[in-house]
Amino acid sequence: MARSLPSLRWKSRNNKKTVLADLRKICTPQASISDEAWEKIMLSDESNQQHIREAIAAMERNNQNNYWEALGKVECSDM
């Protein structure tokens, strides 16, 4: 079952916006889809949730290499 974004414990709205914007650059949907629907699809996979948590932790530690490495592990769904 997919967790909602707030359960990922965002420290700030800016972190949320940054992570989702960067992830959307990597996993660009082919069809027009709302941001909310896209987020739900991306978070429907537990592995993706873990990679996003890792990216958040890296961001909070100001570690760009680990941040991009974690986002690069997210599986992009066919949309």
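pLDDT is the predictor's confidence in each residue, from 0 to 100. The structure above is a predicted model, and its protein has a mean pLDDT of 83, with 82% of the residues at 70 or more.

The fold can be described briefly. The protein contains 4 helices and 0 strands, and reading along the sequence gives the pattern α-α-α-α. Among these elements, helix 1, which covers residues 13–26, has the lowest mean pLDDT, 85. Helix 4, covering residues 64–72, has the highest, 96.

The start of the chain needs a separate reading. Over residues 1–6 pLDDT stays under 50. For this stretch the model has 13 contacts beyond four places in sequence. Where pLDDT is low, predicted coordinates should not be read in detail.

Next come the contacts and the surface. Of the contacts in the protein with a separation of 6 or more, 64% are between residues 24 or more positions apart. The protein has 79 residues, and 33% of them count as buried. Its accessible surface is about 5300 Å², and carbon and sulfur atoms account for 44% of that area.

One residue can be followed more closely. Asn-15 lies in helix 1. Is Asn-15 buried or exposed? Its relative accessible area is 15%, and the limit for buried is under 20%, so Asn-15 counts as buried. Asn-15 and Glu-60 are 45 residues apart along the chain, while their C-alpha atoms are separated by 8.5 Å.

Methods:
Residues are numbered from 1 along each chain as its sequence is written. This is a predicted model: local features need pLDDT of at least 70, side-chain atom pairs count only at pLDDT 80 or more; totals for chains, interfaces and linings use all residues. Side-chain values use heavy atoms; hydrogens and water are left out. Helices (H or I, at least four residues) and strands (E, at least two) are DSSP runs, numbered from the N terminus. Buried means under 20% relative accessible area, exposed over 50%, partly exposed in between (1.4 Å probe, protein chains only). Contact means heavy atoms within 4.5 Å. Accessible areas come from the Shrake-Rupley method with a 1.4 Å probe; for residues, only the protein chains shown count as cover.
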